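This report describes selected local features of a two-chain protein model.

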There are 2 protein chains.
Amino acid sequence: MRLRVDLLPHGNYPDVVVVIDVLRATTTAVAYLERGADALLLTRTPEVALALRPEVGEAGENRPLVLGGERGGLPIPGFDFGNSPVEAAAQNFTGKTVVMNTTNGTDAAHVAAQTGKHILLASLTNAHAAARRARALATEEIAIVCAGTDARVSLEDVYAAGVLAEYLLALGGFSIDDGARIALTMRRNVGNPIEALSSSVHGERLGQLGLGEDVRYAAQVSTSTLVPVLVSGEDVPEGTLKFTAG
Amino acid sequence: MRLRVDLLPHGNYPDVVVVIDVLRATTTAVAYLERGADALLLTRTPEVALALRPEVGEAGENRPLVLGGERGGLPIPGFDFGNSPVEAAAQNFTGKTVVMNTTNGTDAAHVAAQTGKHILLASLTNAHAAARRARALATEEIAIVCAGTDARVSLEDVYAAGVLAEYLLALGGFSIDDGARIALTMRRNVGNPIEALSSSVHGERLGQLGLGEDVRYAAQVSTSTLVPVLVSGEDVPEGTLKFTAG
């Protein structure tokens, strides 16, 4: 079994793909499911998300679709929520489907879905569960894909990939690539999760935006056993990927 | 002054760019200059290189242009040399211009040259000299760009980037990005250069191809003070970048 870590999305995934965007898309995705959401729809663009929004008049507390996302760390006009796991964790999403679009994470999921057989979303908060699920599904390769930030490598994603890789290696039977060695080395030498995340370029920027609580939330390890898993079906709107708690 | 390490070529370089392809393009480039070559022409494609080759009849020992390169680690049909620093170091290139095309390194140089003001080629063999030259030229940013292998991150390039970054940080006055932190962490935790290079995916493949001597050659640190520097001029053929010993 091959364990591969792509420090940026690459493509050509033959088997299981685990997409990581610690700050903050995949952390927030897990939080939505923890707070009762039925499903997540990750859209290719903000426009696809807005087109799914019900007409005015249908809105209100009972509306089954809500929109969450960000551009450059800030909420998108017309969306109900930002991309904040702290905000998500404070709400009740029971019976809701959350439509998500973010700067890097949703793109990475779409790249993964072009070829992968099984697509999972992972963060530090569900790291152990995601690793176990990936191992159970894989027949030849687990590719851990770091979303990065605007096509540049993000320390926090590489660190989280190292946490997952460490769990997987403990299960045994993997050959690893250079990306996995880099992720493991970072996980073992950059300090604890809160140090790694808060000292990253993206973590520092979120702190400056007043979103330091999100960084601290994202640094929690394996507090959730829920793993967003890509599902197919006739009810999935074009330009979206549907994830449910697998 | 910003120090940025791109673990894969990205683009948008405003100032100094240092391109690294340790196994083997930039190591071989330095070896050609050490053995007397007047200049290197890095071509966009193998076809551009072959088109520069003189007609049959002009060939012979006194021919001023020779071709060196590889695809998948192996020599290109019609080329005079592979991409081997050991082979280069055993020849005399005095008075010659070497036309180079390789799988990853020459592409990375072309990406760098699209926007960068000063483009240098670095390897472990000229690491100290390349770092000093970059520092002398830079006014706002030094970007160290790892060529990688087929759009995936290569351990040996990240390790060498860490060696350069360490030299630069010793000179003082830099802010660093996540890529630089990753490179520095790898340089400090993956063992000595021969361990790092020979255990990389690419290093292992070269060993299997019988090219282990090239890996050992490339693991020498700062044995050369020559730095290939991009120069412009009317005599530079289209689709090529001309480097001379700066």
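## Helix 5 and helix 6 of chain B

In chain B, helix 5 brings Ala127(B), His128(B), Ala130(B), Ala131(B) and Arg135(B) against Val163(B), Leu164(B), Tyr167(B), Leu168(B) and Leu171(B) of helix 6. Contact here means heavy atoms within 4.5 Å. By type, the residues of this contact are 8 nonpolar, 1 polar and 1 charged. The nonpolar class holds Ala, Val, Leu, Ile, Met, Phe, Trp, Tyr, Cys and Pro; Asp, Glu, Lys and Arg count as charged, and the others, Gly among them, as polar.

This is a predicted model, in which local features need pLDDT of at least 70 and side-chain atom pairs count only at pLDDT 80 or more, while totals for chains, interfaces and linings use all residues. Residues are numbered from 1 along each chain as its sequence is written, chains are lettered from A and ligands numbered from 1 in the order in which they are written, and side-chain values use heavy atoms, with hydrogens and water left out.

Helix 5 spans residues 127-137 of chain B and helix 6 spans residues 155-171; they pack at an angle of about 50°, with their axes 9 Å apart. Helices (H or I, at least four residues) and strands (E, at least two) are DSSP runs, numbered from the N terminus. Axes are lines fitted to C-alpha atoms, for helices over the stretch in contact, and angles run from 0 to 180 degrees between N-to-C directions. Helix 5 and helix 6 of chain B are therefore oblique to each other. Angles under 35 degrees count as roughly parallel, over 145 as roughly antiparallel, 65 to 115 as roughly perpendicular and the rest as oblique. The crossing of these two helices of chain B is right-handed, meaning that the near helix is turned clockwise from the far one, whereas anticlockwise by less than a right angle is left-handed.

## Aromatic pairs

Over all chains, the structure holds 4 aromatic pairs. Rings of Phe, Tyr and Trp (its six-membered ring) pair if their centres lie within 6.5 Å; planes under 30 degrees apart count as stacked, over 60 as edge-to-face and the rest as tilted.

| Pair | Centre to centre | Angle between planes | Class |
|---|---|---|---|
| Tyr32(B) and Phe93(B) | 4.9 Å | 85° | edge-to-face |
| Phe81(B) and Phe93(B) | 5.3 Å | 65° | edge-to-face |

Phe81(B) lies in the loop between strand 5 (74-75) and helix 3 of chain B, so its pair with Phe93(B) ties together parts that are 12 residues apart in sequence. Tyr32(B) has a relative accessible area of 1% and is buried; Phe93(B), at 2%, is buried as well. Buried means under 20% relative accessible area, exposed over 50%, partly exposed in between (1.4 Å probe, protein chains only). Phe81(B) is also buried. In chain A, ring pairs link Tyr32(A), Phe81(A) and Phe93(A) into a cluster.

Helix 1 (residues 25-34) of chain A has 9 of its 10 residues buried, so it is largely enclosed by the rest of the structure. Among them are Thr26(A), Thr27(A), Thr28(A) and Val30(A). Ser123(A), in the loop between strand 7 (118-122) and helix 5 (127-137) of chain A, is buried at 0% relative accessibility. Beyond its neighbours within four places in sequence, Ser123(A) is in contact with Thr26(A), Thr27(A), Val30(A) and Leu164(A).

Ser84(A) sits in the loop between strand 5 (74-75) and helix 3 (85-89) of chain A and is buried, at 10% relative accessibility. Not counting residues up to four places away in sequence, Ser84(A) touches Arg24(A), Thr28(A) and Asp214(A).

## Backbone exceptions

Most residues other than glycine have a negative phi, and most peptide bonds are trans. The bond from Leu23(A) to Arg24(A) is cis, with omega near 5°, and a cis bond with omega about 5° joins Leu23(B) and Arg24(B). Arg24(A) lies in the loop between strand 2 (16-20) and helix 1 of chain A.

Asn12(B), which is not a glycine, has a positive phi of about 60°; Asn12(B) is exposed, with a relative accessible area of 57%. Ser222(B), also not a glycine, has a positive phi of about 55° and is partly exposed at 29% relative accessibility.
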